[in-house]
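Please look it over, then read on by topic.

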Amino acid sequence: MTEATAPIARVRTADERWAAIGFVVMVAIFAIAPAVVYPIFLMNVLCMALFACAFNLLIGFGGLLSFGHAMFLGMAGYVSAHAAKVWGLPPELAIAATAALLGIVAGLLAIRRQGIYFAMITLALAQMVYFFCLQAPFTHGEDGIQAVPRGKLFAVLDLDNLWVLYYVVLAIFAAAFLLIYRTVHSPFGQVLKAIRENEPRAISLGYDADRYKLLAFVLSAALSGLAGATKAIVFQLASLTDVHWSMSGEVVLMTLLGGMGTIFGPVVGAAIIVSLQFFLAGFGQWVTVITGIIFVVCVLAFRRGIVGELAAWWAARSS
């Protein structure tokens with residue numbers, strides 16, 4: 001190691017150490033939280049946090065804004081629910097990331113364009129998926145797929161036990177979070193960031209930008225599908241809510257509120273949005289207005305998101 005690269009290595013080691021500490025603290029908080037908070041609510045937070053982290057992988061590190069990510073969340077939920085209820089598959093097979101195939105198809109079409117055109121293509125595809133789910137016989141239209149059996153994971157863990165189910169969901173979230181972290185900090189992730197910052201320059205260095213963007217899109221879709229499939233098993237329901245365009249808007253809100261391009265930001269954003277929806281449910285349709293106002297205030301006060309601003313403050317304080 002040369003003298004020039006030594007400071008960079010020290011910074012990287014310090015960042016990895018703080019990320020490891022943050023991960024342990026986050027998992028510990030979620031592990032003991034059921035003692036004071038209703039587990040079903042926490043599982044909803046975990047599923048939406050995973051969805052937001054998957055979306056952040058695409059926009060925060062790949063620079064690709066998708067307005068249709070709900071199609072992966074909702075479609076995987078439908079397939080998972082149908083597989084568990086009609087086909088009788090065990091949960092480990094029903095929870096498989098079925099959205100990966102849809103992600104390949106959508107990605108091959110969307111990455112041909114950039115910027116707002118990319119976003120509009122994903123929105124158009126998501127609307128097509130929504131109307132398919134509305135009309136397809138196996139989805140049961142507006143009623144959705146109800147009474148989805150949870151079964152036994154690996155024929156051992158009874159998911160009808162609320163505590164067992166909670167810690168299985170926590171394990172799924174933790175494993176997916178580590179996968180995202182490893183992806184971001186791998187050579188693949190570094191190239192993805194380079195494409196985000198300056199795609200022509202990355203291409204001039206010999207990188208196939210479309211290939212990297214497609215891989216990021218498919219991975220994000222697969223993890224979003226994992227969140228949707230898990231959510232369907234948890235709530236024993238797959239409905240149009242998870243495939244509606246408003247869900248795509250919510251995940252954008254969660255990511256921006258927590259901190260786009262940060263590792264822990266989407267988790268914080270998801271926890272805040274889900275909590276607002278839960279505790280302000282008594283206000284009816286005004287929940288959307290209240291959430292919008294809070295979002296506007298946070299965007300004006302925290303331009304980099306809550307976690308992003310805290311990280312910037314800590315870096316300025318430490319320098």
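Is H140 buried, partly exposed or exposed? H140 counts as partly exposed, because its relative accessibility is 47% and the buried class ends under 20% while the exposed class begins over 50%. Keep in mind that this is a predicted model.

**Loop residues with positive phi**

- H140 sits in the loop between α6 (115-135) and β1 (145-146).
- Its phi is near 60°, a positive value in a residue other than glycine.
- A147 lies in the loop between β1 and β2 (152-153).
- A147 also has a positive phi although it is not glycine, and the value is near 55°.
- A147 counts as exposed, because its relative accessibility is 58% and the cut-off for exposed is over 50%.

**Helices α3 and α10**

- Two packed helices are described by the angle between their axes and the distance between the axes.
- Helix α3 covers residues 70-85 and helix α10 covers residues 209-235.
- Their axes come within 7 Å and cross at roughly 50°.
- The two helices are therefore oblique to each other.
- The crossing of α3 and α10 is right-handed.
- On the α3 side, the contact is made by F72, L73, A76, G77, S80, A81 and A84.
- On the α10 side, it is made by F217, A221, S224, G225, A227, G228, A229, A232 and I233.
- By class, the contact of α3 with α10 has 11 nonpolar, five polar and no charged residues.

**Helix α11 and its partners**

- Helix α11 (residues 245-258) and α12 have axes that come within 7 Å and cross at roughly 120°.
- That angle makes α11 oblique to α12.
- The crossing of α11 and α12 is right-handed.
- From α11, the residues E250, L253, M254, L257 and G258 take part in this contact.
- They meet G265, P266, G269, A270, I272, I273, V274 and Q277 in α12.
- The contact of α11 with α12 has eight nonpolar, four polar and one charged residues.
- α11 also packs with helix α14 (residues 305-318), at an angle of about 15° and with the axes 3 Å apart.
- α11 and α14 are therefore roughly parallel, since angles under 35 degrees count as such.
- Here L256, L257 and G258 in α11 meet G305, I306, V307 and G308 in α14.
- The contact of α11 with α14 divides into four nonpolar, three polar and no charged residues.

**Aromatic rings**

- The count comes to 15 aromatic pairs.
- One of them joins F30 and F173, with 6.0 Å centre to centre and 70° between the planes.
- That pair is edge-to-face.
- F30 lies in helix α1 and F173 in helix α7 (residues 162-184), so the pair ties together parts 143 residues apart in sequence.
- F30 counts as buried, at 10% relative accessibility.
- F173 is buried too, with a relative accessible area of 1%.
- F41 and F278 also pair: their ring centres are 5.0 Å apart and their planes stand at 45°, so the pair is tilted.
- F41 is in helix α2 (residues 39-62) and F278 in helix α12 (residues 265-279), which are distant parts of the chain, with the two residues 237 residues apart.
- F41 counts as buried at 12% relative accessibility.
- F278 is partly exposed, with a relative accessible area of 48%.
- Ring pairs also link F23, F30, F173, F177 and F264 into a cluster.

**A31 in helix α1**

- A31 has its place in helix α1 (residues 6-32).
- At 25% relative accessibility, A31 counts as partly exposed.
- Leaving aside neighbours within four places in sequence, A31 is in contact with Y166, Y167 and L170.
- A31 and A171 are 140 residues apart in sequence, yet 9.9 Å apart in space, C-alpha to C-alpha.

**T183 in helix α7**

- T183 is found in helix α7.
- T183 counts as buried, with a relative accessibility of 11%.
- Not counting residues up to four places away in sequence, T183 touches L57, F188, G189 and L219.

How values were computed:
Residues numbered from 1 in each chain as written. Predicted model: local features only at pLDDT ≥ 70, side-chain atom pairs only at ≥ 80, totals over all residues. Heavy atoms only, no water. Axes fitted to C-alpha atoms, helices over the stretch in contact; angles between N-to-C directions. Helix = DSSP H or I, 4+ residues; strand = E, 2+ residues; numbered from the N terminus. Parallel < 35°, antiparallel > 145°, perpendicular 65-115°, else oblique. Left-handed = near helix turned anticlockwise from the far one by under 90°. Contact = heavy atoms within 4.5 Å. Nonpolar A, V, L, I, M, F, W, Y, C, P; charged D, E, K, R; others polar. Buried < 20%, exposed > 50% of the residue type's maximum accessible area, 1.4 Å probe, protein only. Phe/Tyr/Trp six-rings, centres within 6.5 Å; stacked < 30°, edge-to-face > 60°.
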